[in-house]
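My notes follow in the order I checked things.

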Amino acid sequence: QVQLVESGGGLVQAGGSLRLSCAASGRTDAMGWFRQAPGKEREFVAAISRSGGSTHYADSVQGRFTISRDNAKNTVYLQMNSLKPEDTAVYYCAARRGVVATTRRYEYDYWGQGTQVTVSS
């Protein structure tokens with residue numbers, strides 16, 4: 001019942017920045033970002049509670065990425081700084097109602113179609 005649409009992906013040089021957006025069609029509680037590179041499993045990147053008071057990050061992006069949200073716009077953001085080639089992947093946003101926050105892939109039940117992020121060296 002909730003549709004998610006990601007935007008903001010693209011090509012960037014190593015050390016650069018990108019800001020991803022995910023617009024939801026309705027109210028959400030827990031929201032998160034995951035990414036998947038070719039031949040690899042989809043992995044957790046960041047998660048946020050509805051209030052924004054609880055955030056979680058994968059060790060690989062800690063200190064470089066920041067997740068935030070604007071509930072008036074039903075939108076979650078991922079600010080990505082100091083990008084590395086190993087950040088190259090399709091990035092997906094996800095949402096779950098009735099949960100404060102979760103880092104676990106299969107606890108989310110709404111998913112976007114993904115946006116490609118490519119970091120060149």
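I began with strand E5, residues 43-48, in this predicted model. I asked how many of its residues are buried. The count came to 5 of 6, so I wrote E5 down as mostly covered, with buried taken as under 20% relative accessible area.

Next I looked up the pairing of E5. Strand E4, residues 30-36, runs antiparallel to E5, and 5 bridges join them. Within this pair I found Gly32 opposite Ala47 of E5. The E4 and E5 hairpin has 6 residues between its strands. In that hairpin I noted Gly39, with a positive phi near 75 degrees.

I then turned to strand E6, residues 55-57. E6 pairs with E5 over 3 bridges, again in the antiparallel sense. Here Ala47 stands opposite His56 of E6. The hairpin of E5 and E6 has 6 residues between the strands, and I noted a positive phi near 85 degrees at Gly52.

Which residues have the most contacts inside the largest nonpolar core? I listed Leu4, Trp33, Leu78, Met80 and Tyr91, in a core of 34 residues. E4 and E5 are among the elements that give two or more residues to this core, and so are strands E3 (18-24) and E9 (89-96).

Last, I followed Leu4. Leaving aside its neighbours within four places in sequence, I found Leu4 in contact with residues including Cys22, Met31, Cys93, Tyr110 and Trp111.

Terms used: Residues numbered from 1 in each chain as written. Predicted model: local features only at pLDDT ≥ 70, side-chain atom pairs only at ≥ 80, totals over all residues. Heavy atoms only, no water. Buried < 20%, exposed > 50% of the residue type's maximum accessible area, 1.4 Å probe, protein only. Helix = DSSP H or I, 4+ residues; strand = E, 2+ residues; numbered from the N terminus. Pairing = 2+ DSSP bridges. Core = buried A, V, L, I, M, F, W, Y, C linked by side-chain atoms within 4.5 Å. Contact = heavy atoms within 4.5 Å.
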